[in-house]
Amino acid sequence: VVVLSSLASGVHGFLHAHEPWLIGLSAALVAVGGGLEVAMRRGGRAQGFPWLFGLSVICFVANLAIIAAHRGF
């Protein structure tokens, strides 16, 4: 338990130290996914609601909200 606790603490510290890069990478991946989704729909190859893309957008927005709440914005 102590080893897992220290590992989790280390990962938590690493993530906090690199938040801007992680958010930037996440935003870029969501943008690429959105572009691919638009291209698929324009080509007529996609139908219905894009559930996986929708989930990725929800997760991105949740991460932004968590970081904003954690930093006190």
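**View 1. Gly72 is placed in the segment after helix 3.** The model is a predicted one, in which local features need pLDDT of at least 70 and side-chain atom pairs count only at pLDDT 80 or more, while totals for chains, interfaces and linings use all residues. Residues are numbered from 1 along each chain as its sequence is written, and side-chain values use heavy atoms, with hydrogens and water left out. Helices (H or I, at least four residues) and strands (E, at least two) are DSSP runs, numbered from the N terminus. Gly72 follows helix 3 and has a positive phi, near 85°. With a relative accessible area of 60%, Gly72 is exposed; buried means under 20% relative accessible area, exposed over 50%, and partly exposed in between (1.4 Å probe, protein chains only). Gly72 and Gly13 are 59 residues apart in sequence, and their C-alpha atoms are 18 Å apart in space.

**View 2. The chain contains 3 helices and 0 strands.** The radius of gyration is 17 Å, well over the 11 Å that the globule rule gives for 73 residues, so the chain is more spread out than a compact globule. This radius is taken over C-alpha atoms, and the globule rule is 2.2 Å times the number of residues to the power 0.38. Along its principal axes, the C-alpha trace spans about 55 × 30 × 15 Å. Of the 73 residues, 10% count as buried. The accessible surface comes to about 5800 Å², and 75% of it belongs to carbon and sulfur atoms; accessible areas come from the Shrake-Rupley method with a 1.4 Å probe, and for residues only the protein chains shown count as cover.

**View 3. A salt bridge joins the side chains of Glu19 and Arg71 (2.7 Å, N to O).** Glu19 lies in helix 2 and Arg71 in helix 3, so the pair ties together parts that are 52 residues apart in sequence. A salt bridge is a side-chain nitrogen of Lys or Arg within 4 Å of a carboxyl oxygen of Asp or Glu. Glu19 is buried, at a relative accessible area of 9%, whereas Arg71 is partly exposed, at 46%. By this rule the count comes to 2 salt bridges.

View 4. An α-helix has 3.6 residues a turn, so residues three or four places apart point the same way. Arg41 counts as partly exposed, at 35% relative accessibility. Glu37 is among the buried residues of helix 2, together with Glu19, Val30 and Gly34. Their cover includes helix 1 and helix 3 (51–71). Just after helix 2, Gly44 takes a positive phi of about 75°.

**View 5. A nonpolar patch on the surface is formed by Leu4, Leu7, Val11, Phe14, Leu15 and Leu22.** Together these residues have about 580 Å² of accessible area. Patches are made of residues with over 30% relative accessible area and no salt bridge; like charges are joined within 9 Å, and nonpolar side chains (Val, Leu, Ile, Met, Phe, Trp, Tyr) within 5 Å. Helix 1 (residues 2–17) gives the most to the patch, with 5 residues. Leu22 lies in helix 2 (residues 19–42) and counts as partly exposed, at 36% relative accessibility.

Terms used
Contact = heavy atoms within 4.5 Å.
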